[in-house]
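Here's a quick briefing to read with the model open beside you.

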Amino acid sequence: MDLTSADGESFVVDMSLTQGDKIRRIRQFWDDRAKQYGDGCRATLGEVRLRKLEIRTMIKYIRKFAPSLVLDVGCGNGYSTKMYAQNFPTIDFLGVDYSPEMIKHARKNVTRNCSFDTADVLDIGSMPRGRFDLIITQRCLQNLPDYARQRDAIYNLISLKAPDGRLLLMECSKTGVAQLNRVRKQFCRSPLNNIEPWHNCFFVDETIKEDFKADIVYFSSTYMFISKVIHRRLSLVGYWLPPIGKFGYDRLYIL
């Protein structure tokens, strides 16, 4: 089945995939994206303004928590990791991703405080050793095919953080998608049924809060309301306005 995602990217859904096949297909999907987009910002998300909003928000929280060592899990082609390293030259950043093609591009033009390696968040033996003051993800864990694996991945990340360290999981929310479509209905607009593509399993907010006592930051609220409810051509307005209220399916979970 051929579909188009909310950010305009096309994808194919194969309903007959087993979980093992799906995991392999997801990895291949990201290898192919790396080959298509190289070291560009669209390699991990086609919606460029939302991508930039994610980066701006993450910079704000890196500054707030002032770590000395940051692990960026699911760093993709390193586009955002390198921006963080440039903004914080006294902080060391290590980016890891399970896509060799993504890491190949990430290793181009790195700064002295930034490095990259191949690792799988589900395989703790492949992950870097050490105690990280801050561990971040950006739409990484949602690429695991079910919550059981996402939960295992989060426990793996918890085992890698320093005693006073934090996890910043910037992931998409099923709860937020349902909320968005309810509001679209109130505005007499049809629901967006294709936001969550075949290679994603979005978070359920109540589950993450119950299992990990996560705090949720609704950083995309204004952007999502203006661009997804009012009109997508107004996304630039939403990008520049501050977030208001508990809205938007791209959310930051702080553990």
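With 255 residues, a compact globule would have a radius of gyration near 18 Å, and the chain agrees with that at 17 Å. That radius is taken over C-alpha atoms, and the globule rule is 2.2 Å times the number of residues to the power 0.38. Bear in mind that this is a predicted model: local features need pLDDT of at least 70, side-chain atom pairs count only at pLDDT 80 or more, and totals for chains, interfaces and linings use all residues. Residues are numbered from 1 along each chain as its sequence is written, and side-chain values use heavy atoms, with hydrogens and water left out.

**The chain overall**

- Along the principal axes, the C-alpha atoms fill a box of roughly 50 × 40 × 35 Å.
- You'll find nine helices and nine strands; these are DSSP runs (helices H or I, at least four residues; strands E, at least two), numbered from the N terminus.
- Of the 255 residues, 54% count as buried (buried is under 20% relative accessible area, exposed over 50%, partly exposed in between, with a 1.4 Å probe and protein chains only).
- Take the contacts (heavy atoms within 4.5 Å) with a separation of 6 or more: residues 24 or more positions apart account for 72% of them.
- The accessible surface comes to about 12,000 Å², and 53% of that belongs to carbon and sulfur atoms; the areas come from the Shrake-Rupley method with a 1.4 Å probe, and for residues only the protein chains shown count as cover.

**Helix α1**

- Helix α1 covers residues 19-37, which is 19 residues, and reaches 27 Å from its first C-alpha to its last, close to the expected 27 Å (1.5 Å times one less than the number of residues).
- Its buried residues are K22, I26, F29, W30, D31, R33 and A34, and they pack against α4.

**H105 in α4**

- H105 sits in helix α4 (residues 100-106), and it counts as buried because its relative accessible area is 11%.
- What does the side chain of H105 reach? It gets to the backbone oxygen of A34 at 3.3 Å, a polar contact (N or O atoms within 3.5 Å; within protein, one must be able to donate a hydrogen and the other to accept it, and residues adjacent in sequence count only if both atoms are side-chain atoms).
- Setting aside neighbours within four places in sequence, H105 is in contact with A34, G38, D39, N77 and K82.

**Aromatic pairs**

- The whole structure has ten aromatic pairs (rings of Phe, Tyr and Trp, the last by its six-membered ring, with centres within 6.5 Å; planes under 30 degrees apart are stacked, over 60 edge-to-face, the rest tilted).
- F29 and W30 pair edge-to-face, at 4.8 Å centre to centre with 85 degrees between the planes, and both residues are buried.
- F187 and F225 also pair edge-to-face, at 5.7 Å and 75 degrees.
- F187 lies in the loop between α6 (174-186) and α7 (205-212) and F225 in helix α8 (residues 221-230), so this pair ties together parts 38 residues apart in sequence.
- F187 is partly exposed at 42% relative accessible area, and F225 counts as partly exposed at 30%.
- Ring pairs also link F29, W30 and W198 into a cluster.
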